[in-house]
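Subject: Structure handover

Hello,

Please find the structure below, with notes on what was found in it.

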Amino acid sequence: MPRPSASERLLKVATVATEDFGRLGYRGTKTADVAARAGLSTGALFNYVESKEALFHLVFLQWFGMPAERPPVLPVATPGPGETLAVIEAGLRHVRMPRIQAALAEDEPADVAEELREIVAERYALIEHYWPLLAVIERCAEEMPELEAAWFGLARAGSFEQLGSYLERRMAAGLLRSMPDAEVAARIVTESLSWFGWHRHEGRDSALYEDETVRRTVVEFICAALVPEARPAEKD
């Protein structure tokens, strides 16, 4: 059986580190444990990353900025002050949600039910894809004030504000069911997507539901709650 290449080993290290930082936080993650789960000795791990700080940095390079065809020079160097946060902030800025952006630029959609379905599905897909990284950010933000400010104060708050603005506009136009507070409605939508697209994978409930069935059910449930029922046509 051929030995794994350096890039394959590095990917394995990044994957294990993502899982450990996401479950245990920064302080709780041990380089020796990451090495063992990646099939390396602790000494061999430092052929791939210089330090625990570099290991944390590698997680975000893997998700945001490390092309497979051009892996970084090994070992990955210990980042300078603010370098990891810069990678995180740049990566979060490049996560796009084009469907809701297009909807915010449009006054009246041809089909609001389909528009909402696409927006909710887009948000679910992003959460489902990025949840291991989101877990790292949320767990480690408790120990890193700069990361907490970047995530909770900017990226996460901006996501709620964007969805809340969309819902408020469509509710004001009578296209979606009116709610007492559009921002609270946006929070309900996002937290529902987060549990099914992210948090259920962290517990024992993950195996209870088939992913595609969950995705379709959650999207349709949210749309059914927000899209008014069509009124029957009046008879002449």
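The mean positions of the 26 positive and 37 negative charges of the chain lie 5 Å apart. Here Lys and Arg count as positive and Asp and Glu as negative, while His and the chain ends are not counted. Each charge is placed at NZ of Lys, CZ of Arg, CG of Asp or CD of Glu.

The model is a predicted one, in which local features need pLDDT of at least 70 and side-chain atom pairs count only at pLDDT 80 or more, whereas totals for chains, interfaces and linings use all residues. Residues are numbered from 1 along each chain as its sequence is written, and side-chain values use heavy atoms, with hydrogens and water left out.

The chain as a whole

The chain has ten helices and zero strands; both are DSSP runs numbered from the N terminus, helices being H or I with at least four residues and strands E with at least two. Along the principal axes, the C-alpha atoms fill a box of roughly 85 × 40 × 30 Å. The chain has 236 residues, and 39% of them count as buried (under 20% relative accessible area with a 1.4 Å probe, protein chains only; exposed is over 50%, partly exposed in between). Its accessible surface is about 13,400 Å², 54% of which belongs to carbon and sulfur atoms (Shrake-Rupley method, 1.4 Å probe; for residues, only the protein chains shown count as cover). Among contacts (heavy atoms within 4.5 Å) with a separation of 6 or more, 73% join residues 24 or more positions apart.

Helices α7 and α8

The axes of α7 (residues 112-141) and α8 (residues 145-172) come within 13 Å and cross at roughly 170°. Axes are lines fitted to C-alpha atoms, for helices over the stretch in contact, and angles run from 0 to 180 degrees between N-to-C directions. The two helices are therefore roughly antiparallel (over 145 degrees; under 35 is roughly parallel, 65 to 115 roughly perpendicular, the rest oblique). Residues making the contact include V112, L116 and A141 of α7 and L147, W151 and F152 of α8.

A141, in helix α7, is buried because its relative accessible area is 1%. Leaving out residues up to four places away in sequence, A141 touches L147, E148 and F152. W198 is 57 residues from A141 along the chain, and their C-alpha atoms are separated by 17 Å.

S51 sits in the loop between α3 (42-45) and α4 (52-65). With 13% relative accessibility, S51 also counts as buried. Beyond its neighbours within four places in sequence, S51 is in contact with F46 and T78.

Regards
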